[in-house]
Amino acid sequence: GNSQGGDFDVNVYNPVGITVSSRSAAVATYQDLLAQARNEIPEVDAGGLSDALARDDAPLVIDVREQSEWDEGHIPGAVHVSRGFLESRIAGVASHDQPLVIACAGGSRSLLAAQTLRQMGFSDVTNLAGGFADWKRTGHTYDVPRRMTDDEAARLIALNLQRQPLDNDLRPQTPKEILLRMLNNLFRTAQ
């Protein structure tokens, strides 16, 4: 064996009952994995993606960032599939022959995700080099999910309360009062 972490012999027992010798490769680092993926996966920059999205045969952009990152902004028309759910959810989002561009914040997670998709049989997969950060930095438009205002939240809560009136059909005036009354009613009904 080699204590330096290089190749070493490992004896493996196989189901037939014969012991065989096998060579085990050195452990790959994160940088090694990125370098390998860069050799296998084509990349496009923000300008190239912008041009591609303007064409009739535009690729589908899959954003693999976390929900909180997506909520801060994303490429218009992109579909959000967090990296942690990519393998289990991609079949519901894209077909194997569809052109895909994979995006993340800086281009590394998406590069590894693109490699995984290629291994899963997706044939036309490209990585967005520089990720969403470069997309924004180079002045491309991006969408930010709309958040509900306090007034909209109060109206929504009030609509729900009309379906289930509070004590004596009181209608509180602020979202905070509405939430407090709703919580009080929940605790009362739970007891």
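Me: What percentage of the 191 residues of the protein count as buried?

Reply: The model is a predicted one, in which local features need pLDDT of at least 70, side-chain atom pairs count only at pLDDT 80 or more, and totals for chains, interfaces and linings use all residues. Residues are numbered from 1 along each chain as its sequence is written, and side-chain values use heavy atoms, with hydrogens and water left out. A residue is buried under 20% relative accessible area, exposed over 50%, and partly exposed in between (1.4 Å probe, protein chains only). Of the 191 residues here, 29% count as buried.

Me: How many helices and strands are there in the protein?

Reply: Helices (H or I, at least four residues) and strands (E, at least two) are DSSP runs, numbered from the N terminus. The protein has eight helices and seven strands.

Me: How are two packed helices described?

Reply: One gives the angle between their axes and the distance between the axes. Axes are lines fitted to C-alpha atoms, for helices over the stretch in contact, and angles run from 0 to 180 degrees between N-to-C directions. In this model, helix α1 (residues 30-40) packs with helix α5 (residues 108-119) at about 60 degrees, and their axes are 9 Å apart.

Me: Which term describes the orientation of α1 and α5 to each other?

Reply: Angles under 35 degrees count as roughly parallel, over 145 as roughly antiparallel, 65 to 115 as roughly perpendicular and the rest as oblique. The helices α1 and α5 are therefore oblique to each other. Contact means heavy atoms within 4.5 Å; among the residues making it are L33, L34 and A37 of α1 and L111, L112 and R118 of α5.

Me: Is R118 buried or partly exposed?

Reply: R118, which is found in helix α5, counts as partly exposed because its relative accessibility is 32%. Apart from neighbours within four places in sequence, R118 is in contact with E40, I41, P42, S123 and V125. The C-alpha atoms of R118 and I41 are separated by 8.3 Å, although the two residues are 77 residues apart along the chain.

Me: Is L86 buried or exposed?

Reply: L86 lies in helix α4 (residues 86-89) and is buried, because its relative accessible area is 0%. Beyond its neighbours within four places in sequence, L86 is in contact with I62, V64, V81, A113 and L117. Between the C-alpha atoms of L86 and A113 the separation is 7.7 Å.
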